[in-house]
Amino acid sequence: MSEAASVLRGRWGYASITDHIADRVLTQPPGLLWRLGFWGTFCGMLAFVAATVHLMRTGVGIWGINIPVGWGFAIANCVWWIGIGHAGTFISAVLLLLRQKWRTSINRFAEAMTLFAATMASIFPLLHLGRAWKAYWLAPYPDTMGLWPQWRSPLVWDFFAIATYIIVSFLFWYLGMIPDLATLRDRARGRVRQWVFALAALGWRGEVRQWMHHERLYLLLAGLATPLVVSVHSVVSLDFAIGNTPGYHSTLFPPYFVAGALFSGFAMVLTLAIPLRRAFGLQDFITEVHLDHAAKVMLATSSLVAYGYLCEVFMAFYSGDRYDIAMTVDRWTGFYAPVYWAMLGFNVLVPQLLWWRRCRRSALLLFVLSLVVNLGMWMERVLIVVSSLHRDYLPSAWGYFIPTAWDWTFLFGSICTFAWLFLGFIRVLPALSMSEMRELAHEKHEAAA
């Protein structure tokens, strides 16, 4: 069996693929579950906006942060959301350069997931500033007063990392969608829809010359986006690694953060893909092969994350640094010990089920496991941020971080906003790439001939 046949089931042709995907956007009304999800997450998004307004009026004191724990859920959420966005870049860019056919059915909504997750991540550092309306100070804009950004500040690094990530991801996502926008333009009914899709399609006519330029630019952007998989989360990890705080100051953090980002990112891909294929009848496009490959990536990255945990503990004791040893023991037995042991269970033990092929191809089991992994990776981010700060060098400065209701509101509000954006996306734009799926069907027919 050819690779194209394994990732595209059924007897699909050019017209049937276009009809099945385009009709979800143009003709079929949204179902009851989509309406409930859309309006439910919309309420959560409004709560997020209301909490943001209250934060700007009152200050960051509504959170549980204090001295010495000056970073709390906001920074942990930022790192978590950036990590979730990594799978979209990996699927879109790295797998494209490696000519992996299984990316075809999931790259479109994975790219959208990247954009929405990076947007959520960019919000939290701005809110943590306390004066979000002065966030432009982070940008290196020309200033006659000579007040340039502090280049040694992690906030400036995050500005460049997240801004570059969003721009390149948007260009890659939009470029791949241009042929599909032209298809929607030609099939849309109503002058407004035709005008909107025509404007977005940028005059695409499907000529050979256009396809040649499109493929060249697509590969060029893929080559540009591939280093972002490593660089963006490495920069985010340096926010911690440059400090001399026990538990932060480690050269392990860049590869450790990248592996964790891909781990949580592919977990979110499964969280979105499994309900999507069920709700829209996409079982022939997102097959068990896709679930199996994504689960294998999760298993590999889970092993890398477990190796990072082991190295972190080993180096703390091998170095003989009493402060690192005390921080490690505190994670095992201290106030945040339940979070630590739950994190190990969710991120290391539970993914071992993926060694079995039956588990990797069970949609229900993978969906539950992906939620568990996302929870475990969020716990890891919180533990990294908080556990190293609440025990400083001076016992007189020790304290605890206990999240308030506003901390939880911002967390669940950001999740609702992300889900609301994604549900809106799959209703107004094709969740799968029609042009690439047609190419996959063509390869399948040629292999069968």
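**Aromatic pairs in a helical protein**

The structure, a predicted model, holds 38 aromatic pairs; rings of Phe, Tyr and Trp (its six-membered ring) pair if their centres lie within 6.5 Å, with planes under 30 degrees apart counted as stacked, over 60 as edge-to-face and the rest as tilted. One of these pairs, Trp-173 with Phe-425, is tilted, at 6.3 Å centre to centre and 55 degrees between the planes. Distant parts of the chain are linked here: Trp-173 belongs to helix H7 (residues 154-187) and Phe-425 to helix H16 (residues 405-428), 252 residues apart. Both Trp-173 and Phe-425 are buried, where buried means under 20% relative accessible area, exposed over 50%, and partly exposed in between (1.4 Å probe, protein chains only).

Another tilted pair joins Phe-335 and Tyr-400, with 4.6 Å centre to centre and 50 degrees between the planes. Phe-335 sits in the loop between helix H12 (322-333) and helix H13 (337-349) and Tyr-400 in the loop between helix H15 (363-387) and H16, so the pair ties together parts 65 residues apart in sequence. Phe-335 is partly exposed, with a relative accessible area of 45%, and Tyr-400 is partly exposed at 39%.

Turning to the whole protein, the secondary structure comes to 17 helices and zero strands; helices (H or I, at least four residues) and strands (E, at least two) are DSSP runs, numbered from the N terminus. Of the 449 residues, 53% count as buried.

Residues are numbered from 1 along each chain as its sequence is written, and side-chain values use heavy atoms, leaving out hydrogens and water. Local features need pLDDT of at least 70 and side-chain atom pairs count only at pLDDT 80 or more, while totals for chains, interfaces and linings use all residues.
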